[in-house]
Each structure stands twice: as structure tokens, then as C-alpha cells.
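Work through the following exercises with the sequence and the coordinates open beside you. Each task is followed by a solution that goes step by step.

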Amino acid sequence: MKKKVLAAGLLTTAILLTSAFTPVSTNAGQETIVKLESQPIAFSKQTRMMDGILMAPVRDLATALDMEVTWNEAERAAVVTRDGYELKLPLNSDYANVNGQATTMNGVTQIVDDSLYVPLRFFMESVNHVVRWDSATSSVNITKQTDSLPVVGTYDHLVTLLTQNESNQQHTVALMSKSAISDSSTTFSAPKASSSANLAAQDSAKSVSPEYSGTNVQVQGVDESDVVKSDGTYIYTVNKQRIVVTQAYPADGMKVLSILDFPKAANTANTQFQPSEIYVDDTHLIVLGQSYQNLKPVPYNEAASSSSSSSIGIVDKRMISPIRSQATTKVMVYDLADRSNLKLVKEVELEGNYMSSRKIGTSLYFIANKYVNYNYYREMANTDDAKKELAPAYRDSSAGDSFTSIPLDQIYYLPKALEPGYVLVGGLNLGDLTQTMNVTSYLGSGQNVYASEENLYVAAATYEDQQQDTILYQFGLNTGKAVYKNTGKVPGHLLNQFSMDEHNGHLRLATTTGEVWRTDEGTSKNHVYILDANLKEEGKILNIAPGERIYSTRFMGDRAYMVTFKNTDPLYVLDLKQADQPKLLGALKIPGYSNYLHPYDENHIIGFGKDTVEVENKNTAGSQSIAYYQGMKVALFDVSDVNNPKQKFTELIGDRGTDSELLYNHRALLFSKEKNLLSFPVTVMKLDPAANNSKNSASAYGSFAFQGAYVYNLDLEKGFQFRGGITHLSQEDLSKAGQHFYVGDKQVQRVLYIGDTLYTVSNGFIKANEISTLKEKNTVVIP
């Protein structure tokens, strides 16, 4: 009789590692190629597919790993050992003992031709190896990894893991948003012209494109998606659920070249596909956004819900199984050979909501969060469709129009997950669009993403015993493939992607623990951790600025700069050159705070944030005070003396209520040290100086005064030199403004330059101005 024992201490996060892993069935006489560290394993007897599971002789697998195999006749089991490790594999069983701990296998051991065959994947993973199917070479590739990953394997096991996470589902819903529309195809709307004439004009324009600005990114060489992109001749924009292509250079010939529309969903004003961000290179326009697939109705399970329905009386079954849809993250790749008539060449989708993406050369990586509402499925019948929906799925137009569910026997789980959901990482090789998408995913959630040119990190916040930690998942990046490498953990939570940085083989992180409002041991504290290549702690600096929290961090080479805030703005300088002995060097305390830090050079850094004013809190005993934020503050810090940082120059913009997208989205910044150019979109609010002084208190908000781009020269001798503002609002618009004003399609979102021309972009216009004089050169109206 077969014995099934679930692993003790079931782990609660799962990682799925796949390269669209669906091994083909092996016919009789057809041997599957199995490679260990890229070298074929020599089998004495061929591998076999048994009940859909790839099986191999245990002695050959052990020999390949320099392990010893003995037979325990009393227990009718093969025993594999090496260096204190023991794997016991009973005959005709779907469980094994790993170092004395019982665990299930996906497959049953059996004797074939006098050899004991075991599930190849289970064997290799139990000895700390990763198994993947390579569709390009039709082979199984096995590599050693740092962490051993147990497999989910079965639907029952997945349900057990999800059930353990039920108490955290409410927290998950707060972290992962859900929305709904259906999948779409694409139609095009473009000004009609001779195709050959358009192509000739495009080629002519591209051949003389001058220097131009790109998106402001965190890591040089790692591009980030945005709502506006340029290739030096054309400007591409995400515009009210459309993509607009504008020939921008030369400015005197600026015109809208084409508009890419997406079909409307039935009986609604919304599009079936909602574009959110784009990438552009020499050959492709890549559009990322949200789409939806309709799901089959799941029949109501009266037995499963009898306990819940009895407490509320009669249950309306129509309410239990409504029309349902699954959010998907969709990528659409267009050929740029003819920008007046964009051609769709590839579509891929991952189930879940769009989280983030990166583009490195011709490799695109994008991430989605899929929430799993297990409570819903528990109320439904135990059908194959219901089971299928609990696993993540993907679609690649190269392989057809249908979604492919990822089998549970390819899903692995790791310790300490709190969220019933999946993070899926899709990888595309844009240099060869015939290749199918590589998919990597884990059961859990992710909130922040950082990428170097070699690795991708997904960070997820976890809570256990009132302790918040950050779990880190590291993936190696190579030609559109994201391969799991390591898992790490640090105390506290991250602020954003700038809380992570990879340098000289180390991952550096800035975290906050505790709560600002507490005054006991639970008060907030800030920390920096340095992890080695295997994500193991190598150094740390603890308990920075107790009672405050991190507002911004920037890692630059061997240093880190951290801004914390409660009433004042301390700028801390940290020396991270010696990874095992990092040091806090100096601090500067000034009014205000910086939301974003940007390098000027190796000894100067620019801070963008808010000015503040401290006011005594008369409602509390003692000398406590409250800090009210005021207008926007831009500061240049001199850190050439690391022990004594200084605020060299400051620029204050507007009064309380002034805001800029730059304060929460670094991609809104245009900065060129070579051109002494600094620009960003801003909404300026100003107090009336003639108003009663009592109204001009620290808590008083200003009235609308400006929306557009502020333009500065910046150098180390004169500091910030305001050049002027470029707005898309007319004088009539400004005359209608009161305390607030709805800018609408005229809100400037991005600033960029091509050659000697500065371009400002809104949904309604693209305006070209001379960089040297800010004199308007041309304006194009976007239909």
C-alpha cells in the first residue's frame, strides 16, 4: 500500500521556475537528453516517461553527483548518501525520506529492467539542484542552486498551503489591486499617405538624428518603461488609452505621424486593452498594459458551503457564480519599419496585474501579481476548471491564442510567504521573436523590483509574530530568461526600488522597522544591510535615526545617502566600501525633506522634496512640535567632506500645495550635467501676499498659479538658475483658475530634449522650445 505523508512544517511561499516547461512525451525508443551543468548525463538505461513523469535510474543519477547508493532490503528502499546527507527511496512509493523527514514525490518509484526508476525532478531537487526543460534544444537542463526548493506537486498540497495563508488574505487584497476588461486585438488609425514616401521621410529623419535625452533610470544600462519615449527623431506617448507617434525632429516639421487605437469593450467606453507604459528601440515599440480574459462560470458547491450558508439562510447561487474575468498583464510588440503604419508582430500575456518591468539590450523582463481568492474556490465544486484556475497561466502568440496553465509539479515553494497569490516574471528575447516567452513565478507577492544588468530582485513584505521582514527573490538574467538563483531576508520594509542596489557582487538594502508614532522599543528605526552574492548577510548598520522613517535613499558606488524625517531632514552619509564593516560617516540636519535623491557627480547630490515649518503643538503637553510641509524644495548637497555634508544651494518653489510627479516618480526628471540643464513638471500653488497674515499660517494652502515645466541651469558655482516655465495652458485658462484648477489634457507630464530643442509633452500638445532662450519653435496638437 502506498503511503502519502505531507512534509512536516509545510512552507508557505512557492516559487515556480519554468521556461514554458512542458516536456514532450517520450516515445518508445526515444531517449530524452538530460544535461548536468550543460554536460549530458550518460545513462546505463534510458530515461522513461511514466504517467507523464520523467523517470531515471537512481544509480545513474547518484553517480552523476558522486553519491553512493545502497539497498536496504529490510525496508525495500534505495539509500543515497553523501557527506552526511541521506535520501531514502522506498520501492513502489510516492514518498521519500530526506534526512529522516518524510516528503511526497510527484511520481512512484518502480523497478524497470532490474533498475530502480525514480522521478528525476524530485531526486535532483532534493539534492539542491534546479531542473528545467529547454524547448530550444529539447533537453532537460540541471544546475546546482543555493537553496533547495520543495515542490508543490499536487492540488491537495497547494490547497494546504493556501489554507495556511487564509488569515493574510485581507492584507493581500490591500496590496494587490484588481480590475476587469477583456482581451483584445489591435486596430490602427493613422494619417493616410504614400507608404514609400513615408518610409523615405522616416529614413531621412533618422539618418541625421542628434543627441537626445532618454528616460531617467536607476541603473545605467537598465531601461525602465515610461509614458513618453523618444529615439531622437520621434516621440512616442501613451495618450488616453492610445499610443501616439509624433515626428518631432526637426522641430519646424513636427507632426503627428500615427495614432495606435485599441478596440472598445462591448457596451462600454473603455478599451479592451489599456496601455500603461512603453519602450522603444531601433526596431520595436513595446507596449505594456492591462487586459482581461473571461473565465468559465464555476458551479456552486453546496456541500463545501453548507456551514457558511446555514448562518445566513438561503444562498442565492447566482451570486456565488457570477460572470468572472482574470486580469492579465499584456505586452504587445510592434515593428517600427513603418511608423505611419505600425505592425503588431508579437503578443504575450501573464495572468495578474502589471507590477513593473525592465529592458536590458534586446531582453525584456516584466512582472505581474496574480491574486488567488481561495475562499471563492472553496465555495465552488471541486472541478478541473476550478483547480486549473488556482495555478498561474500565460499566453504567447508564437504558440497560439490560448492560455497555458503551469503544472503544479513544476511549482516550488519557499519559507515564510504570507500572500495567497503568484508573482510571475516574463522574459522576452526581442532579438528573436520566434522564441517563446520564458516564465518564472512564485506563490507569494512582490511589492518592489530592482534590476542590475545581471540580476533581477523582487522584494515582498512579510509579517510573522508582529515582526515585519522583507523576503528577496533573486533571478539571474540572460537573453530574455530569468532564472531563480537565491532567496534572502532582511528585517523591516523597503520604501521603494531605490532602497535596493547591487554593487561589486553585493546587494545593499535600506529598511525601516517599527512605527514612527510609538515612543517605546517599537519606535521606528532605520537600517542598512549588505548581502553577499548568495544573499547572506555580510555587514549592517543598525538603528539610524530612531523615531523617524526613511524618505529617500540613493546608493552611489561605495557610498549611500539616506534621508529620514519627522520634524527635520537629516541627510546621512554612509561608507559601504568594506562590506563587512560599513560605517555611518556624517549627517546634516536641515528643515524639510527629500523624496528623491539624484546624483550630480561623485561628490554632489540633488534632493527633491518639500520645505517644512515647525509649529508648536499646543494640544499636547511638553515641547512637542508639528512639522507642516510647505512648497517644493530642491537642494544641492556637497558631500566631498563625507564627515561634514553641506547644503550648498537651495531653490524653493511655491507654497503649501505645490506638487510634482517627480516627488514619487523619478522618471519625470530631465537632468543633463553636460548641458547644465534641469527640468521637471510641477504644479505651483501660491499664497496671496496681500491676504491677512493670519491666513498665511503654516497650514494654509496656496492657490493655483502654474502648471507646466520649470527649467533651470545648474552648476557648482551659481547653483539653481531659474530660466522660466513652459506651460500648455492659455492665458484664458489661467484667468479662469481659482484656488484649484483642472488642467486636464494640458497637464505637462514629461520634458525631454533632442539636439538644441526642449520638448514638453501633455495629452493635448507637444511643444518645442529653444533650449538656449526657451523661445517657442513649434507646437503640435494631438487629436
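**Exercise 1.** Determine in which strand A56 lies, whether A56 is buried or exposed, and which residues A56 touches.

*Solution.* Begin with the secondary structure: A56 lies in strand β5, residues 53-57, where strands (E, at least two residues) are DSSP runs numbered from the N terminus. Next, take the accessibility: A56 counts as buried because its relative accessibility is 0%, the class being defined as under 20% relative accessible area, with exposed over 50% and partly exposed in between (1.4 Å probe, protein chains only). Then list the contacts, meaning heavy atoms within 4.5 Å: not counting residues up to four places away in sequence, A56 touches F43, T47, L61, L116, Y117, V118 and L120. Finally, compare sequence with space: A56 and R121 are 65 residues apart in sequence, while their C-alpha atoms are 9.5 Å apart.

This is a predicted model, in which local features need pLDDT of at least 70 and side-chain atom pairs count only at pLDDT 80 or more, whereas totals for chains, interfaces and linings use all residues. Residues are numbered from 1 along each chain as its sequence is written, and side-chain values use heavy atoms, with hydrogens and water left out.

**Exercise 2.** Trace how β9 pairs with β8 and with β10.

*Solution.* Strands pair if DSSP finds at least two bridges between them. On one side, β8 (residues 85-90) and β9 (residues 95-98) are antiparallel and share two bridges, with N97 in β9 as the bridge partner of K88. Four residues lie between these strands in their hairpin, and N92 in the turn has a positive phi of about 55°. β9 is also joined by four bridges to β10 (residues 101-104), again in the antiparallel sense, and here V98 stands opposite Q101. The hairpin of β9 and β10 has two residues between the strands, and N99 takes a positive phi near 50°.

**Exercise 3.** Identify which residues have the most contacts inside the largest nonpolar core.

*Solution.* A nonpolar core is a set of buried Ala, Val, Leu, Ile, Met, Phe, Trp, Tyr and Cys residues joined through side-chain atoms within 4.5 Å. The largest has 34 residues, and those with the most contacts inside it are I235, Y236, I243, L285, Y334, Y759 and I766. A second, separate core has 32 residues, including L162 and V372.

**Exercise 4.** State the mean pLDDT of the chain.

*Solution.* With pLDDT being the predictor's confidence in each residue, from 0 to 100, the chain mean is 83, and 79% of its residues reach 70 or more.
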